[in-house]
Each structure stands twice: as structure tokens, then as C-alpha cells.
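Please work through the following exercises with the sequence and the 3D structure at hand. Each task is followed by a solution in steps.

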Amino acid sequence: MSEEGHKLSNYTNINIWKNRFLICLGLLRYADDTVLIAENEKDLQQLLDIVKEESEKKGLELNRKKTEVMVVSRKQELPIINIYIKGTRLKQKDQFKYLGSLISSDGRNNSEVASRIAQAKTNFQKMKTVLTNKNISIRTRRRALECYIEPILMYGCEAWTISKQTQKKLEAMEMWFLRRMLRISWTAKKTNDTVLEEAHTTRLLISKIRKRQATFFGHVMRREKLENLVTTGMLEGKRSRGKQREKLIEGLTDWLKAGKSLEAIEATKDRKKWRTMIANAVKQGT
């Protein structure tokens, strides 16, 4: 741990964090990108003051224009939060980009998936002359798509919760690629099955995403570190009305046909068994 990290840990006596788990999550850093997390406005302000004070001791200053705050809540009307740096109130946002992924105040990944789809389409258009060139075999063009476009679409997908609506959007995106690569006009009225047959392929995108999720999930469960606790931990409070949001582990369990979530978690401890489960799920498709 750095010298700054040791100094920050000395401030736990001001009761910002209630337990060891929240201490670990109070401050996330990657290079010069820093996220401060707290349960309420007062604790967040105290944490920000500590970071500001310790940064100034090292000759660093927080950029008030680039520093923003966000409340993560299930409420339709987001609470207003007032956080200040040297008397200047920080701008409150309903979403922001961190390490390339779009984080939304409602805790969902709908905006992130939409952003990924838009970026994939933009980059597809940039490579249009290659990807739609009929002088190049469709197999080679599909390989180019997998190498240059799909990584943009699937960036950060290991943390996505794939609802039925999200799955439909991703499958539609997969067909969008193929129809343009084959130069099939929307007026041609060709079915998706016909398009897949002409492209000599099947639907693969969702299986690729699920495979990446399952592989990452296995690593997280076997490490038994903070990521494990975040994934399997329980939140305090009452459940909201209506249908509950699907969890990542629930979607994976269903895809792997592992029975119950606890059975899937237990299966991750055996690498060979976990890999076999993933391979079988990929063979069966979505």
C-alpha cells in the first residue's frame, strides 16, 4: 500500500465506514481515476475532505470541473446531494464514464449496452469497405469482425446483467452486422435464419458474452477476495415492489443449467468441472 493509502486508513476512527467491507470500497483507484464511495452525503463529504487534504500535502489539487457526484438509487426521482470543494458545489450527474464503462444512477447497464452498440456501429462503418467487400470471403470478413468490432461491443460485458430486452438488442446487433456484410437490403425481407445460412454461421454473440462472464465469474469466486464479496454479498433493507432485478449469477446459472446459484458457486472451485460446464453451455447455444 502507498504512503497515501496508509494515511487514509488512519482516518477510519471518524466512523465513515461501518465495517471492513466498506473500508475497502470507500476509495477505488486506477491510475489517475479515483472513485469515492459512501453511504450518505455526510460521509462522502468527509471522505472527499480527507482526499483533498492529503492530496494537497503532496502538491496535488482536485479538479473541481472534472469532479462530479452521483447518487445510485432505485427511486424514480433521484435524491439531491450537496458536496463541496472549497465552497464550490460539485455537479450532480445521473451517469458518468469510468474506465471506459458508463455507470448509471439506477444501477442498470441499459445505457452502457446502448453506448457499446452505438460505438460498434460507428467502427463498423469505418471498416465498411473491407467488411462489405464481396471479393473477400465471408469467413475472412467475419474473422475481421470478431477481431476489430466485437471487442468494442463486448468491452466490460463481464459485469453486464443480460435481461431479455438486452438480449434482443444484442441479437439484433449481431444480425445488423451480418446483413450489412452480405449487403442485404431491408426491403429484401429475408428471415434471420436465411441470413445466418448465407453467412455460414449461427447466433454466437450471446454465447460469447456468457462464456466471458462465466470465465471471469470463476476467477472471482476462486480468489475469495473483495470481488467475491461484492458479487455474492447481500444488501440491507426491504425489497422493492414488483419483479426483482435479475442478478448476474442468476443469469449465468440459468445459462449453465447449474440448478441453483449456490451449486454454480460451488462448481467454480473445481476448474476442470467449471470449464466443462462452460463448454457444454456454449455447445448448446443460447
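The model is predicted, so local features need pLDDT of at least 70 and side-chain atom pairs count only at pLDDT 80 or more, while totals for chains, interfaces and linings use all residues. Residues are numbered from 1 along each chain as its sequence is written, and side-chain values use heavy atoms, with hydrogens and water left out.

**Exercise 1.** Classify the pair formed by the rings of phenylalanine 124 and tryptophan 176.

*Solution.* 
Step 1. Rings of Phe, Tyr and Trp (its six-membered ring) pair if their centres lie within 6.5 Å; planes under 30 degrees apart are stacked, over 60 edge-to-face, and the rest tilted. The whole structure holds four aromatic pairs.
Step 2. For phenylalanine 124 and tryptophan 176, the centres are 5.3 Å apart and the planes stand at 70°, so the pair is edge-to-face.
Step 3. Phenylalanine 124 belongs to helix α4 and tryptophan 176 to helix α8, 52 residues apart. Helices here are DSSP runs (H or I, at least four residues), numbered from the N terminus.

**Exercise 2.** Classify the pair of phenylalanine 124 and phenylalanine 177, and state whether phenylalanine 177 is buried or exposed.

*Solution.* 
Step 1. Buried means under 20% relative accessible area and exposed over 50%, with partly exposed in between (1.4 Å probe, protein chains only). Phenylalanine 124, at 1%, is buried.
Step 2. The ring centres of phenylalanine 124 and phenylalanine 177 are 5.5 Å apart and their planes at 25°, so this pair is stacked.
Step 3. Phenylalanine 177, at 2% relative accessibility, is buried.
Step 4. Phe124, Trp176 and Phe177 form one aromatic cluster.

**Exercise 3.** Describe the surroundings of leucine 145.

*Solution.* 
Step 1. Leucine 145 is placed in helix α6 and is buried, with a relative accessible area of 4%.
Step 2. Apart from neighbours within four places in sequence, leucine 145 has contacts (heavy atoms within 4.5 Å) with Phe124, Leu131, Glu150, Pro151, Phe177 and Met181.

**Exercise 4.** How many cavities of 30 Å³ or more are counted, and which residues line the largest cavity?

*Solution.* 
Step 1. A cavity is a set of points on a 1 Å grid over the protein atoms alone where a 1.4 Å probe fits but cannot get out; lining residues have an atom within 4 Å of a point. The count is two cavities of 30 Å³ or more.
Step 2. The largest cavity has a volume of about 110 Å³. The residues that line the largest cavity are Arg142, Leu145, Glu146, Glu150, Glu174, Phe177, Leu178, Thr201, Thr202, Leu204 and Lys208.

Note on methods: 1 Å grid on protein atoms, 1.4 Å probe; cavity = no way out; pocket = protein on both sides within 12 Å on 5 of 7 lines; lining within 4 Å. Points joined across faces, edges and corners; volume = space filled by probe spheres on them. Helix = DSSP H or I, 4+ residues; strand = E, 2+ residues; numbered from the N terminus. Contact = heavy atoms within 4.5 Å.
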